[in-house]
Amino acid sequence: MDPGPARYTIRIDGHLGATMLSAFPAMVPRRHGGHTVLTGVLDRSALYGMLAEIDALGLNLLEVRRRTPQPESPPPRDSRSPSRR
Amino acid sequence: MTAAPATLRLIDRGDLLAALDRAAARKVTIISAPAGSGKTSLIRAWADRPGGPHRLAVVPVQRDQHDAQLFWLALLDGVRQATDAAGSAEPAAAMPEFNARAMVDRVLSELAEARGPLTLVIEDLHELASPGALAAELTRLLTNLPPGVHAIVSTRHDLRLRLHQLRLAGELSEIRASDLRFSERETRELLDVTGIALSEAGAALLHERTEGWAAGLRLAVISLAGHPDPERFVAEFSGSERTVGEYLLAEMLDRQRGDVQRLLLRTCLLDRVNGELADLLTGRPGSERILLDLGDANAFVVSLDPERTWFRYHHLFADLLRLELRRRRPKEVPELHRRAAGWFIEHGQVVDAIRHTQAAGDWPGAAKLLADHSFSLTLDGQTQTIQALVQAFPPGADHPELALVRAMGDLGQGHLDEAAAHLAIAETYAETAPPDRQRRLRVAIAALKLSLARRRGHLAGVIEQVRFLDSPLTGQSDEDIALGSDLRAVALLNLGTAEAWSALPDAERHLGEGAVLAREIGRPYLEVSCLAQLGLASKVRPFATTRRRNREAIALADQHGWGAEPVIAPALNSLAGALMFMGEFDEAERWLQRAERAVQTDTGPDISLLMHMAGGMLHACRGRHQQALEEFSAAEQLRSQLEGPPATAIQVTGWLLATQARLGRPGEARALLAALDDERAGCGEIRNACAVICLAEDDPAGALGAVQDVLDGTVPVIGYVTVVEAQLLAGLAHRELGDQRAASQAAERALALAEPDRTNLSRVEIASELTVSRNTVSTHIGSIYAKLGVTDRSSTVRSARSLRPLSAGQPR
């Protein structure tokens, strides 16, 4: 049940500098308060790859949100907020 | 600052060690916390302190470990090293169950034999690419640990292990990120033991900003050591909104001496590094000293061997360094990969060399390397690695060198026509290659052609290629000699296999010699290949011999982790066949299922034919003649695809005819029989089929006539099995004719042939043996079982005792 590529926004705690951002070249970064919001179109395997990368780099993941509106269902509320540190 | 960062003392985290002590009093401890939380440091500190566990088996899961078998092998190795069982252990008896299951059993039995306290540590379990597939076996291992054995598992995130039983029994403890976090007091202590003077407020600020995250604190301490103004550093750090890891890595690097910085950045692309390799990548001597100092300072560098020659960086640290390198010096990245590749190739580590050449973006170079070494890698059973390397090439880019590699992959998967097509391209390319590479390529091509001819069942083609390879090599360098031995072993493997298919007497000798040579030249995969084919070739021997040889081949394959790969399928198949002949249908079925799994990635006509034959036999044994007919028909189809055709495949035709007759279609069988040429119709196997047809036609006298030449030894047979079959058929015919005495004599002769070492048994014992299992010497016995109206051995025993269909001197 692969929903296909979709636009995701991924919220990470803290400001990602040039080094960290280079790990996510396909994503557009934006600062939002004390967080960094990364936006980009990902398919499922790219999304999981990215979550693994966030994990590997010791970053604090706050939220994952799928943005593509689905015509027949309410906007998905696919969010995760693991606790770390 | 000295050459390396100031020694980062591991502070005595007594509370945490005590927590692990309490945890380790239970059977299983799971340490689940994100990267850089200090999981490994905790385990090391706990194990190293006085009074720590006596025996420790540490099994780190390699980065991106895709191969579950390699994981189990590493686990078994780790346990064996901890228990000093390595080398002394006999290869365990081969088991029909799936490999991982057998592996877990073996690990558990080694642990049980270890007797006494032992702690098994599995580090970085999250690195397994598909932990889900492993969960069941891992759960079984953890829930069945023998007394005195404890397990500690570290992982970055929770895995789906079903450990509720342990939890309910109070035998599971968990240590999580919040437990690992440094307290403010511990942060203070860490600063103190490292000699960093920081105010209470500064220490509190540092603790708050890093949230007690071990990696962050380590990076901070390395930067702070010898810092002219630690208070300012902490204030700036706290004011920054950059992520902790990134900020501190940059600061830490900037605080290092130039040569240390240079070394860290220029070697971070490697999964492991030693002094020599680091010297090469930095262009300067003295790297080993720096690595040792970094290791002593606990600065994210750990040694991999007791001699401290190889090191690796903590994963998080390496990841951050790689990002930093790509940002600061992007143009140096390809050159670093190229240099590393050069070093690895010089030191015979081909796979690492190819990976780095690919990472350097040098695709033609990588293709060349892969083509040059694919023959050798194939002989070591690294076909999956080769496929992964081929797939890493960008799609669309055509490298003619890769045709050879693709041909090897095709051959391994049994795609014989594709293999031939790729071979043709490779041959054309080899002609244009420079002379120094040409010979190497030609040899690889000849070896492939040899294997292709063998897999097509084409004996003449095999012999032709063996002659080519037999011509002495021109050079006499070490490489030539090695190549010569490899080729000789490959030639023996293929020649022996092709001879076995053609029922030629030299088959077993050639395969045996091939196995010995392969062992001598250190090619265990090739040895397993030879032994597996030898097991199959042994089907012309007494069943006990067949069974023993196959079990030995399977045990060796299991030892190396190839127990579920196509290489061992012939032995699995042949063992199943031997067990069927001995009436052990259930066990035969389990081995056949394991063979099915082993051939999943190999769809070649040769092995598929064997699988259909064995599948048909099993159905016939259980009286399912319609299904047997389908399997034999499929096998017959495949037989016609093979060139030659191989002599042993006449068995397929014989069984197909016999099954048709048993299904009450002697007419169809007769029609097929009439279509056979004289040569094939004259074979013992077809004579036996004729006898079955006659019996189906209520013509026992005709059946006796059909098998007479087989019993007299005047017609060719592929092995003694055919003669045993003929004896049993004669027995059945005599019984139909009412001559019970002759029937018993025939059965006794069959038994004597099948199990020559049992002939000294008393007549009574023979009689009971006959009615139990020893007379189940062929698929024809299926018909006996069917007549008895039974389908398995135990009920046959009962029925047989009451009916005694072939028993000596007992009138019905």
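Two strands are said to pair if DSSP finds at least two bridges between them. Strands themselves (E, at least two residues) and helices (H or I, at least four) are DSSP runs, numbered from the N terminus. Keep in mind that this is a predicted model, in which local features need pLDDT of at least 70 and side-chain atom pairs count only at pLDDT 80 or more, while totals for chains, interfaces and linings use all residues. Residues are numbered from 1 along each chain as its sequence is written, and chains are lettered from A and ligands numbered from 1 in the order in which they are written.

Let us start with the sheet of chain B. Five strands of chain B make an open sheet with parallel pairing, in the order 2-3-4-1-5. At its edges lie strand 2 (56-60) and strand 5 (172-176) of chain B, each pairing on one side only. On average, neighbouring strands of this sheet are turned by 15° against each other, direction ignored; here axes are lines fitted to C-alpha atoms, for helices over the stretch in contact, and angles run from 0 to 180 degrees between N-to-C directions. Look next at strand 1 (residues 28-32) of chain B, which pairs with strand 5 of chain B in the parallel sense over five bridges. Within this pair, B:Ile31 has B:Ile175 of strand 5 as its bridge partner.

Helix 1 (residues 14-24) of chain B packs on this sheet, where it touches strand 1, strand 3 (118-123), strand 4 (149-155) and strand 5 of chain B. The direction of helix 1 of chain B makes about 155° with that of strand 5 of chain B. Contact here is judged between residues: their C-beta atoms, placed from the backbone, must lie within 7 Å. Helix 2 (residues 39-48) of chain B lies across strand 1, strand 2, strand 3 and strand 4 of chain B, and runs at about 155° to strand 4 of chain B.

Further along chain B, two helix pairs are worth a visit. The axes of helix 10 (residues 214-224) and helix 12 (residues 244-255) of chain B come within 8 Å and cross at roughly 25°. Helix 10 and helix 12 of chain B are therefore roughly parallel to each other, a label given to angles under 35 degrees, with over 145 counted as roughly antiparallel, 65 to 115 as roughly perpendicular and the rest as oblique. The residues that make this contact include B:Leu219 and B:Ala220 of helix 10 of chain B, and B:Leu248 and B:Met252 of helix 12 of chain B.

The axes of helix 19 (residues 363-379) and helix 21 (residues 402-412) of chain B come within 8 Å too, crossing at roughly 30°. Helix 19 and helix 21 of chain B are therefore also roughly parallel. Among the residues of this contact are B:Leu370 and B:Ser374 of helix 19 of chain B, and B:Val405 and B:Met408 of helix 21 of chain B.

Now turn to chain A. Strand 1 (residues 6-13) and strand 3 (residues 35-42) of chain A pair in the antiparallel sense over eight bridges, with A:Asp13 standing opposite A:His35. Strand 2 (residues 28-32) of chain A also pairs with strand 3 of chain A, antiparallel and over five bridges; there, A:His35 is the bridge partner of A:His32. Two residues lie between the strands of this hairpin, and A:Gly33 takes a positive phi near 60°.

Finally, the chains meet: 17 residues of chain A are in contact with 25 residues of chain B. Helix 1 (18-21) and helix 2 (44-56) of chain A each supply at least two residues of the side that touches chain B.

Terms used:
Contact = placed C-beta atoms within 7 Å.
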